[in-house]
Amino acid sequence: PLLVLAGAGSGKTRVITQKIARLLTKRSVSPEAIVAVTFTNKAAREMKQRVGELLDDSALLRGLTISTFHSLGLKILRREAEQAGLREGFSIIDPKDSVGVISELLRGEKATELELYEKIHWQISVWKNAGIQPGALKLDGTNPIVNAAIAVYPDYNRYLRACNTVDLDDLISLPSTLLEQNG
């Protein structure tokens with residue numbers, strides 16, 4: 001395992017690509033056993049390109065996974081849809097559509113309430129990314145946005161599953177849960 005945390009221009013990509021090339025050529029590690037994950041599509045493309053330039057044998061690139069966190073999560077969910085509570089061919093909604101679902105669930109239609117729905121969506125997103133399930137939350141009585149998010153979170157998840165849909169946060173949280181449960 002290798003985790004590289006450093007600022008821009010410090011050589012992160014070079015370190016990672018050199019390590020991947022060395023694992024493939026000097027250590028004879030199978031490409032399928034290597035997963036490199038980054039935050040942006042641009043960084044993933046650059047990493048793939050640099051690894052390709054370091055290797056004499058393009059066959060070593062087949063089976064190698066270099067992607068974003070979201071792309072990797074999608075790949076896992078496509079392969080393990082049923083285990084994640086999804087059906088084959090599930091769809092992905094963007095944050096704007098997620099806010100629309102929340103608005104519909106709260107029966108709100110006023111444009112003036114859009115900011116409220118966005119705040120509720122943001123709170124649900126925070127919980128999903130922290131691995132907090134709807135049943136683990138209790139109303140606190142002090143923050144109306146948090147309380148509204150607690151109230152709608154279970155319905156929001158049920159709605160997504162009923163529509164065979166995931167949001168962007170599910171691309172991280174659902175695969176994480178699958179990995180935790182299945183080691």
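The following questions and answers examine the terms applied to this predicted model.

Q: Why is Thr 38 called buried?
A: Buried means under 20% relative accessible area. Thr 38 has 14% relative accessibility, and therefore it counts as buried.

Q: What makes Ala 43 and Phe 69 count as residues that Thr 38 touches?
A: Contact means heavy atoms within 4.5 Å. Setting aside residues up to four places away in sequence, Thr 38 touches Ala 43, Ala 44, Met 47, Ser 67, Thr 68 and Phe 69. Thr 38 itself lies in strand 1, which covers residues 35-38.

Q: What makes a set of 16 residues a nonpolar core?
A: A nonpolar core is a set of buried residues of the types Ala, Val, Leu, Ile, Met, Phe, Trp, Tyr and Cys, joined through side-chain atoms within 4.5 Å. The largest such core in the protein has 16 residues, and those with the most contacts inside it are Ile 102, Ile 120, Ile 124, Trp 127 and Tyr 156. The elements that give two or more residues to this core are helix 4 (95-105), helix 5 (114-129) and helix 6 (144-162). Helix 6 supplies the largest share, seven residues. In soluble globular proteins, nonpolar side chains tend to be buried together.

Q: Which residues is Ile 102 in contact with, leaving aside its neighbours within four places in sequence?
A: Ile 102 is in contact with Tyr 117, Ile 120, His 121, Ile 124 and Tyr 156.

Q: Which residues does the second, separate core include?
A: This core has 13 residues, including Ala 21, Leu 55, Leu 64 and Ile 66.

Q: What share of the contacts with a separation of 6 or more joins residues 24 or more positions apart?
A: Such pairs account for 63% of these contacts. Read along the sequence, the elements follow the pattern α-β-α-β-α-β-α-α-α-β-α, which comes to seven helices and four strands.

Q: How far apart are the mean positions of the positive and negative charges?
A: The mean positions of the 23 positive and 21 negative charges are 8 Å apart.

Note on methods. Residues are numbered from 1 along each chain as its sequence is written. This is a predicted model: local features need pLDDT of at least 70, side-chain atom pairs count only at pLDDT 80 or more; totals for chains, interfaces and linings use all residues. Side-chain values use heavy atoms; hydrogens and water are left out. Lys and Arg count as positive and Asp and Glu as negative; His and the chain ends are not counted. The place of a charge is taken as NZ of Lys, CZ of Arg, CG of Asp or CD of Glu. Buried means under 20% relative accessible area, exposed over 50%, partly exposed in between (1.4 Å probe, protein chains only).
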